[in-house]
Amino acid sequence: MIGNDIVDLALARKESNWKRKGFLDKIFTLKEQFLIANAINPEIMVWNLWTRKEAAYKIYNRETGIRGYIPLQLECFYENATLGTVSIKEKIYFTKGIIENNSIYTIAVTNKNNFDKIESIDSAVTLLKNNGIPFVIDSVSKKKKAVSITHHGRFWKGITLLD
Amino acid sequence: MNKEQTIEELKNIVQPYIQNQEAFDILTEDTDFINDLKINSANLVDVILDIEEKYDIVIDNEAMERMVNVKAALEIIATKLSEKN
């Protein structure tokens, strides 16, 4: 399974004040707050970790059917600026990020090999939904393929997994 | 506490963060903050912090996890206020 999440940093600056009292405590564990406090650019670290949690949550939500506002349960292990894992209960997801064009984009997968099987989908594609979860019908095989969609500000990203 | 009044107060709190005016105009207990009002998930923290400030309550992790719709928010506000008194 896959999940993705993007933050437009220009829009995030307008929408969110991450320095607001209590903000970080509500969504980041103490370890994550330590990473933010010690980062060269704390703002980038905030949204880097946030997109990891969001991308991982999309998989968790689809795997378990559990819905909730659970950023503190989704704990990031930060390998480096682009790689890491997110753990929740007994589950672990792998994340890969891209920081470019004033945006931070993270893809999460259940299996590391799947990073090589990610395919972008076009924003014009017809999206169908099952219980709010988007999918597409493959034009060749006619099979349902799970997709993950994210958009924020100037950015839209959709991905699916190659068979 | 009067539920209708709390819904009005809650509407005032969430209004700055909504991205779907139509859903906001017909808001009910079943309205979902993210799916219906299209509140950005990072802004849900602000909604929670604003609720804490407005009612002088603390929304713990367990309560926060359930805070995805109007109904849950109303229940949490009522519970936390009753614990305070």
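These entries cover a pair of helices and then a sheet.

Before anything else, I noted that this is a predicted model.

**Entry 1: two helices in chain B.** I began with helix 1 of chain B, residues 3-14, and helix 3 of chain B, residues 44-55. At what angle do their axes cross? I got roughly 130 degrees, with the axes coming within 10 Å. Angles over 145 would count as roughly antiparallel and 65 to 115 as roughly perpendicular, so I put these two helices down as oblique to each other. I also looked up the hand of the crossing, and helix 1 of chain B passes helix 3 of chain B in a right-handed one.

**Entry 2: who meets whom.** Next I wanted the residues in this contact. From helix 1 of chain B I listed B:Glu9, B:Ile13 and B:Val14. Helix 3 of chain B meets them with B:Val47, B:Asp50, B:Ile51 and B:Lys54. Sorting the contact residues gave me 4 nonpolar and 3 charged, with no polar ones.

**Entry 3: the sheet in chain A.**

**Entry 4: one strand pair.** I then picked strand 4 (residues 91-100) and strand 5 (residues 103-109) of chain A, which run antiparallel. How many bridges join them? I noted 7. For A:Ile98, I looked up the bridge partner in strand 5 of chain A, and it is A:Tyr105.

Definitions and conventions:
Residues numbered from 1 in each chain as written. Chains lettered and ligands numbered in written order. Predicted model: local features only at pLDDT ≥ 70, side-chain atom pairs only at ≥ 80, totals over all residues. Axes fitted to C-alpha atoms, helices over the stretch in contact; angles between N-to-C directions. Helix = DSSP H or I, 4+ residues; strand = E, 2+ residues; numbered from the N terminus. Parallel < 35°, antiparallel > 145°, perpendicular 65-115°, else oblique. Left-handed = near helix turned anticlockwise from the far one by under 90°. Contact = placed C-beta atoms within 7 Å. Nonpolar A, V, L, I, M, F, W, Y, C, P; charged D, E, K, R; others polar. Pairing = 2+ DSSP bridges.
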